Amino acid sequence: MDRVKVDLGLRLPQALTHQNARSVLRSLVSSVRATPEATVVVDARDLGQFDSSALAVLLELRRQARALNKGFAVAHLPAKARLLAQVYGVAELLPEHASVGG
């Protein structure tokens with residue numbers, strides 16, 4: 001069985017708020033474009049402080065990945081961020097990656 005290679009190298013910082021969203025997005029969009037993987041996986045395990053800007057960043061990363069015909073998923077999204085995505089009605093656009101050994 002062929003395994004799809006997934007890169008967990010795209011990591012969100014500990015804090016992702018309106019103050020740093022643009023710079024984080026710039027950096028991560030470059031990584032999305034550079035990754036050869038079939039699925040872009042953003043690792044959110046470090047995310048501790050965030051606001052709705054974090055969702056905006058994730059949605060833009062998804063858009064960038066889809067424009068490159070790549071899949072998109074989020075690994076280790078904190079429960080509060082997942083709840084915020086549900087409140088905004090975008091949770092289904094941010095599928096959770098089933099990471100192994102996470």
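## A loop residue to start with

Thr35 sits in the loop between H1 and E3; here helices (H or I, at least four residues) and strands (E, at least two) are DSSP runs, numbered from the N terminus. With a relative accessibility of 6%, Thr35 counts as buried, where buried means under 20% relative accessible area, exposed over 50%, and partly exposed in between (1.4 Å probe, protein chains only). Its side chain reaches the backbone nitrogen of Glu37 at 3.4 Å. That is a polar contact, meaning a pair of N or O atoms within 3.5 Å; within protein, one must be able to donate a hydrogen and the other to accept it, and residues adjacent in sequence count only if both atoms are side-chain atoms.

A word on the model itself: it is predicted, so local features need pLDDT of at least 70 and side-chain atom pairs count only at pLDDT 80 or more, while totals for chains, interfaces and linings use all residues. Residues are numbered from 1 along each chain as its sequence is written, and side-chain values use heavy atoms, with hydrogens and water left out.

## The chain as a whole

The protein chain has three helices and five strands, arranged from the N terminus on as β-β-α-β-β-α-β-α. Of its 102 residues, 38% are buried. Contact means heavy atoms within 4.5 Å; among contacts between residues at least 6 apart in sequence, 77% join residues at least 24 apart.

## Helix H1

The 14 residues of H1 should span 20 Å at 1.5 Å a residue, and its end C-alpha atoms are 20 Å apart, which agrees. The expected span is 1.5 Å times one less than the number of residues.

Ala21, Val24, Leu28, Val29 and Val32 are the buried residues of H1. They cover an arc of only 130° around the axis, which puts them on the same side of H1; the arc is that of the directions from the helix axis to the C-beta atoms. On the other side of H1, you will find Arg22, Arg26, Arg33 and Ala34 exposed.

## Helix H2

Helix H2 covers residues 52-67, and its 16 residues should span 22 Å at 1.5 Å a residue; the end C-alpha atoms are 23 Å apart, which agrees. At its start, a side-chain oxygen of Asp51 comes to within 2.8 Å of the backbone nitrogen of Ser53. Just after H2, Asn69 adopts a positive phi of about 60°.

The buried residues of H2 are Ser53, Ala54, Leu55, Val57, Leu58, Leu61, Gln64 and Ala65. They pack against several elements, including helix H1 (21-34), strand E3 (39-43), strand E5 (71-75) and helix H3 (79-87).

## Strands E3 and E5

E3 and E5 run parallel and are joined by five bridges; two strands pair if DSSP finds at least two bridges between them. Val40 has Phe72 in E5 as its bridge partner, and Val42 stands opposite Val74 in E5.

Four of the five residues of E3 are buried, so E3 is largely enclosed by the rest of the structure. Four of the five residues of E5 are likewise buried, so E5 is largely enclosed by the rest of the structure.

## A look at Lys80

Lys80 belongs to helix H3 and, at 68% relative accessibility, counts as exposed. Lys80 and Gly48 lie 32 residues apart in sequence and 9.5 Å apart in space, C-alpha to C-alpha.
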